[in-house]
Amino acid sequence: MRAGSGCPGDKAHGPVPHTGCMPKRATPQSWLCDMDGVLVHEGIMVPGADRFVALLAEKGRSFLVLTNNSMFTRATCATAWPRAGS
C-alpha cells in the first residue's frame with residue numbers, strides 16, 4: 001500500500017516516506033527464549049513459564065532456551081524444566 005491508501009499506519013509515518021504495510025506474518029514455528037529474567041527470575045520460575053514451555057511442546061513447536069549466565073551448566077538447565085507430558 002502507498003501513502004494515503006488507507007493503511008492504518010499512514011499518519012504515524014510523518015515525513016518519512018511510506019513504502020507499504022507489513023505483510024501478515026505466519027505463525028512462528030520455532031522459538032528462542034532467554035532464561036534469565038524471562039522464564040526464571042532470581043532462581044524462581046516466572047509464573048506461567050512452565051505452561052508456556054509445555055504449550056510449545058504440546059503444539060509441536062521447536063524451541064531453545066538460551067542464557068548467558070555462566071552459573072548454570074547445560075545439565076542444570078535441562079533438568080530445571082518438567083518434561084512435556086509429565
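R51 is partly exposed because its relative accessible area is 45%. By the cut-offs used here, buried means under 20% relative accessible area, exposed means over 50%, and partly exposed lies in between (1.4 Å probe, protein chains only). E58 is exposed, with a relative accessible area of 57%. The side chains of R51 and E58 meet in a salt bridge, 3.4 Å from N to O. A salt bridge here is a side-chain nitrogen of Lys or Arg within 4 Å of a carboxyl oxygen of Asp or Glu. The whole structure holds one salt bridge.

The model is predicted: local features need pLDDT of at least 70, side-chain atom pairs count only at pLDDT 80 or more, and totals for chains, interfaces and linings use all residues. Residues are numbered from 1 along each chain as its sequence is written, and side-chain values use heavy atoms, with hydrogens and water left out.

**Overall layout**

The protein has two helices and four strands. Their order from the N terminus is β-β-β-α-β-α. Helices (H or I, at least four residues) and strands (E, at least two) are DSSP runs, numbered from the N terminus. Of the 86 residues, 12% count as buried. The protein exposes about 7100 Å², and carbon and sulfur atoms supply 60% of that area. Areas come from the Shrake-Rupley method with a 1.4 Å probe; for residues, only the protein chains shown count as cover. Among contacts with a separation of 6 or more, 54% join residues 24 or more positions apart. Contact means heavy atoms within 4.5 Å.

**Helix α1**

Helix α1 spans residues 49-58, and its buried residues are A49, V53 and L56. They lie on the same side of α1, because they cover an arc of only 60° around the axis. The arc is taken from the directions from the helix axis to the C-beta atoms. Their cover includes β1 (30-34), β3 (44-45) and β4. After α1 comes G60, with a positive phi near 75°.

**Aromatic residues and the surface patch**

The structure holds one aromatic pair. The rings of W31 and F52 have centres 5.7 Å apart and planes at 90°, so the pair is edge-to-face. W31 sits in strand β1 and F52 in helix α1, 21 residues apart, so the pair links distant parts of the chain. Rings of Phe, Tyr and Trp (its six-membered ring) pair if their centres lie within 6.5 Å; planes under 30 degrees apart count as stacked, over 60 as edge-to-face and the rest as tilted.

| Residue | Relative accessibility | Class |
|---|---|---|
| W31 | 34% | partly exposed |
| F52 | 29% | partly exposed |
| F63 | 30% | partly exposed |

F63 belongs to strand β4 (residues 62-66). Together with W31 and V65, F63 forms a nonpolar surface patch of about 230 Å² accessible area. Patches are made of residues with over 30% relative accessible area and no salt bridge: like charges are joined within 9 Å, nonpolar side chains (Val, Leu, Ile, Met, Phe, Trp, Tyr) within 5 Å.
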